[in-house]
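Q: I am new to this structure and would like a close look at one part of it. Please take the strands that pair through hairpins, and describe their turns with care.

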Amino acid sequence: MSAAREANAPSGVDIAARIGTLEMVVSEIDTQMHHMMATIVSNAAGGSAEVESRSPMRDAVWACANCCARLGIYNEDKDQLRVRYKDFVAYINPGAGGSVMVPCRRCGEQNILTDTRPSK
Ligand SMILES: [Zn+2]
């Protein structure tokens, strides 16, 4: 596979041999790709499992009822809904019995999040 050998090879001759070499190289690359993919997949699986066991995402995602676009993030610790758009963020604490209506930016669905917990 050296450049010198390529340059010295007479054109038209040894084509079968060169194709054979290429086939070997390709199959080797293919094998290595399979190894890499297997490694990536196992790493991804192991990684996500690790993350899940260490710390599940604390905040819940509020998704559009129609198209599943992300409308906001609910932080249970702070009892606070966070609605973000670009550099704009609104922090909402509706309180027991309150509700928030957020029209979906993607499909226009008027999503209403109602706090149904019994008031203390
Ligand atoms: Zn939507």
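A: Strands β2 and β3 run antiparallel and are joined by three bridges, where two strands count as paired if DSSP finds at least two bridges between them. The model is a predicted one, in which local features need pLDDT of at least 70 and side-chain atom pairs count only at pLDDT 80 or more, while totals for chains, interfaces and linings use all residues. Residues are numbered from 1 along each chain as its sequence is written.

Within this pairing, I73 stands opposite R82 in β3. Strands here are DSSP runs of E with at least two residues, helices are runs of H or I with at least four residues, and both are numbered from the N terminus. Although D79 is not a glycine, its phi is positive, at about 55 degrees. For background, most residues other than glycine have a negative phi. D79 counts as partly exposed because 14 other C-beta atoms lie within 10 Å; on this scale a residue is buried with 20 or more other C-beta atoms within 10 Å of its own, exposed with 12 or fewer, and partly exposed in between, with C-beta atoms placed from the backbone.

Strand β2 also takes part in a pairing with β1, which is antiparallel and has four bridges. Here W62 stands opposite G72 in β2. The hairpin of β1 and β2 has six residues between its strands, and C68 is found in this loop, which runs between β1 (60-63) and β2 (70-75). C68 is a residue other than glycine as well, and its phi is positive, near 70 degrees. C68 counts as exposed because it has 12 C-beta neighbours inside 10 Å.

Of its 120 residues, 2% are buried. If two residues are taken to be in contact when their C-beta atoms, placed from the backbone, lie within 7 Å, then among contacts with a separation of 6 or more, 29% join residues 24 or more positions apart.
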